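Hi everyone, thanks for coming. Please have the sequence and the 3D view open, and let's walk through them together.

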Amino acid sequence: MKPFRFLPVVVLLISASCGNDNNAAPASTSPAVTTPETEVVLVTYSGYVLPEGPAKAFTAATGITIKVVALDDAGAALSRAIVSAGSPEGDVMFGVDSSLLTKATESGAFDPFEADGARGLAQTVRLDPTGQMTPIDEANVCINYDAAWFADKQITPPSTFDDLVDPTLKGLTVLLNPATSSPGLTFVAAVNTAKGADTSTYFDALRANDVSVVSSWSDGWDTRYTVNGGDRPIVLSYASSPPAEVVYSSTGATEPMSRVALGTCVRQVEFAAVLRGAAHPTAARRLIEEMLSPEWQAELPLSNFVFPVVSDVPLPEVFTRFAAVPDDPIVLDPAVVGRERDAWIDTWRNTFG
Amino acid sequence: MNGRLRWWLLGVVPMLFVIATSIIPTIAVVQRGLGSQTTSGGAGSATFASVLSNPRIQRILWESLAQATVATGLAMAVGIAAAWTRVRISQRFGGWAWSLAALPFVLPSVVTATGVRAVVGETSGWVLIVFVHAGINVVIVARGTAARLGSIDPAFEDAARLAGRGRLNAAWSTSIRMSAGAVASSSLVAFVFCLTSFGIVLLLGDPTTSTVEIEIWIQATRLTRLDVAAVLSLLQLAVVVVVMAMVSVIQRRHPAAVTSVQPRRGDRSQRLFAGVVSTLLVAIGLVPVGGIAVRSLVVGDSWGLDHYRSLVAQVPGTTGASTPLASLLTSAGFAVVASIVALVVGVLGSAMVSRGGRAGRLLDVALFIPLAVSSATIGFGFLIAYGGRVIDLRSSWFVVPIIEAAIAAPLVVRLMVPVIRGVPTTVVEAAAICGLGPSARFRRVWAPLTAAALGSAAAIAFAVAFGEFGATAFVARTANPTLPQMIARLLSRPGEANVGAAMALATAAAAVVGVSLVVVERAGRASALRL
């Protein structure tokens, strides 16, 4: 009787360890698809807005429905993809950005795919030598400030990183935790790229200047920013946040209240990739091709407030008028970021808790 | 041998349940993190020594323990006072205050946090977290203490008063000291809840207020450092298991009695004390609920029901039929399934635990493991363990109720064990002598005496399952978000409309949970065995 008592336990343990075979050889050759794929699952982060018009057109043209699975932020979505590499929860992952690029490509969670539409893209966005990541859009992560507030108080607003540690700007800034926020990570990577070994001193100076750190972009922008009723007039956001203000304004404003500190901008490219072991690989590749089509790219500014990567795509007027375009943004080297990311995050967390 | 075998079998189902829901996911995370694979990111594998020697980790460990200790202390102060008041002093609306104080505990942590936010605005930090933790856990200490205090004859206190002691001293040195076991065990349980709290610390804290739970969550789900997450998980598991073993030992030595004494009117200063305590309990219960209710009716600069109308509108940017109301119904449905599973597992488990013996004690501690393991570890571990090619449960709807049941089952056991133990064996034996067989004894003796507690346990299981946030956040499919996920999602979006919808949804959730709790609670008062 005694051995049988443990039999269910043993069975469970064996089956659990059998389930954990994410090291299995990649199923790179999918079996011949005899039935057409009618669904594609897009795994992304929760702030993502699917451009409705192009999505509907895609379904009408191909018969493939797009299902969006949104998970927290880009870092969390990527973690989940890595942990379930080989048996993914979707087909396409959208949202890996320049700061997470090598973490994604070195994880073995994605299949290489070269989209036709990607061949003509500028070298500045084709950052993945392994061919797994397809660039879809780009944006600039920059410090934004409340222009009216600064004009009112007669203080000079910031324009570079060093301005943020200026005593006149003490207690006025909100930054984002790089461990929980993707733009926060991009900012930390940018500072490290620009300042190298002096970064730790800079962070200490930021801390001494009473910078406030919040967990996510919306905690900063929607809650702490003076433009939206908060207490601090400087916040980390995007170069395309001013036009977003106008579009989302509940008071019908026609001019944005924010300006961008152009010296703090860092370019961020967002990528789409096919998940290894996806259930609908053909549909996945078609979706990525579609994302590079002029119709889809033209919708990106007003749906996600990012710039298209395909050239000659018309931009909406609110963008051309109000979106800041830095001449010389900081450019991240994905290989360096990949090597140093953990150490950079640790340095930040050791300073800011 | 036959009888003993039956008791052993009773314990198998709960034990398998604990293994499947908590131990296997933990093993999965530990194996991925500390096994031969290195984590992605190229930073190499951490070891216990390297993680524990990191100054920031040490600070986090210290702060986790400190906040839990201080919060437990506050909860004890209010909880003991509330228990004494409840048992000794009869108040007209004392029952309502007593029920209301349970609200912050049974409400989803997201709802409680949102309500506190609505009242205190944007402050965050340890002081706020400690007070909220204390407020949530007052009910644990209060009810645990009252269960014992209610059977102690007030004559002891009267005698001490006659001997010349002051009121406080008399109560403390007699009744409360005699309930020391109940105070200790319930306080230790409150300590565990404060230590392993996830939703409150996440939503009311900021990057400087990090506990072990939050750190595990960040390391596993953001930084994909499963090695660090595994080390911290095992550490937390060890601490909580030790504490729960202490609780088990104490509860075995100090069983709750089921007789209760009548409260009296008390003299003037006792009534004043009782009034203050009851007011405090009402405040604890109504602050979060009041916060969300009031905020949900604020539309622009005036009042309105717009936010409630938006409960049936689709949330922009999501596909599928995910309206806020749908998430409430989804959560309710999951919670019903989870409650049934939790009751089955919990009743079987409590039957075995109350039986006594070494196996019973082991099961008692083991059943608490789902609460000891970090939410992130359970959630992520589920993905790893059950997401392979042989077993892929990730897209199964059953996963969410199973995890919720794992969290709720220990509470069912905690509630049922004292009641089962408290059924006087003399009554059972008398029934046997009168000729009743086992099933008749169950129907005529056990069931009526434990029915009220079972109803209470069912309500608590439903509430806890309904509000689970943490582990279910990792396994729930975003096409059918749970209510806590939907509230968190709405709060993370810009615009007053979204915040208002979150408040309205939170209020609706509070109504659902509050009504079910108060109804069951008041109905159960009819039985003389209930306090």
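**A walk through chains A and B**

Let's start with chain B, which has 25 helices and two strands. Helices here (H or I, at least four residues) and strands (E, at least two) are DSSP runs, numbered from the N terminus. Before we go on, please remember that this is a predicted model: local features need pLDDT of at least 70, side-chain atom pairs count only at pLDDT 80 or more, and totals for chains, interfaces and linings use all residues. As for labels, residues are numbered from 1 along each chain as its sequence is written, while chains are lettered from A and ligands numbered from 1 in the order in which they are written.

How confident is the predictor? The score called pLDDT is its confidence in each residue, from 0 to 100. Chain B has a mean pLDDT of 84, with 90% of its residues at 70 or more. Please be careful with residues 527–531 of chain B, where pLDDT is below 50. For the complex, the predictor gives an ipTM of 0.81 and a pTM of 0.85.

Now the overall form of chain B. Its C-alpha trace spans about 70 × 65 × 45 Å along the principal axes. The radius of gyration is taken over C-alpha atoms, and the globule rule is 2.2 Å times the number of residues to the power 0.38. For 531 residues, a compact globule would come out near 24 Å, and chain B has 23 Å, which agrees.

What share of chain B is buried? The answer is 54% of the 531 residues. We call a residue buried if 20 or more other C-beta atoms lie within 10 Å of its own, exposed if 12 or fewer, and partly exposed in between, with C-beta atoms placed from the backbone. Take helix α19 (residues 375–385) of chain B: 11 of its 11 residues are buried. Among them are B:Phe380, B:Phe382 and B:Leu383.

Next, the largest nonpolar core. Such a core is a set of buried Ala, Val, Leu, Ile, Met, Phe, Trp, Tyr and Cys residues joined through C-beta atoms within 7 Å. This one has 278 residues, and B:Val412 and A:Val92 are among those that touch the most other members. Helix α20 (residues 399–422) of chain B gives the most to this core, with 16 residues. Two residues are in contact if their C-beta atoms, placed from the backbone, lie within 7 Å. Leaving out residues up to four places away in sequence, B:Val412 touches residues including B:Ala342, B:Gly346 and B:Ala461.

Over to chain A, and strand β6 (residues 173–176). Both of its faces are covered: A:Thr173 and A:Leu175 are buried on one side, A:Val174 and A:Leu176 on the other. Strands pair if DSSP finds at least two bridges between them. Two bridges join β6(A) to strand β8 (residues 234–238), running parallel, and A:Thr173 has A:Ile234 as its bridge partner there. With strand β7 (residues 212–214), β6(A) pairs in the parallel sense over three bridges, and A:Leu175 stands opposite A:Val213.

Last stop: A:Ile64, in the loop between α3 (52–62) and β2 (65–70) of chain A. Is A:Ile64 buried or exposed? A:Ile64 is buried, because 21 other C-beta atoms lie within 10 Å. Its C-alpha atom is separated by 9.0 Å from that of A:Leu287, 223 residues apart along the chain.

Conventions: pLDDT is the predictor's confidence in each residue, from 0 to 100.
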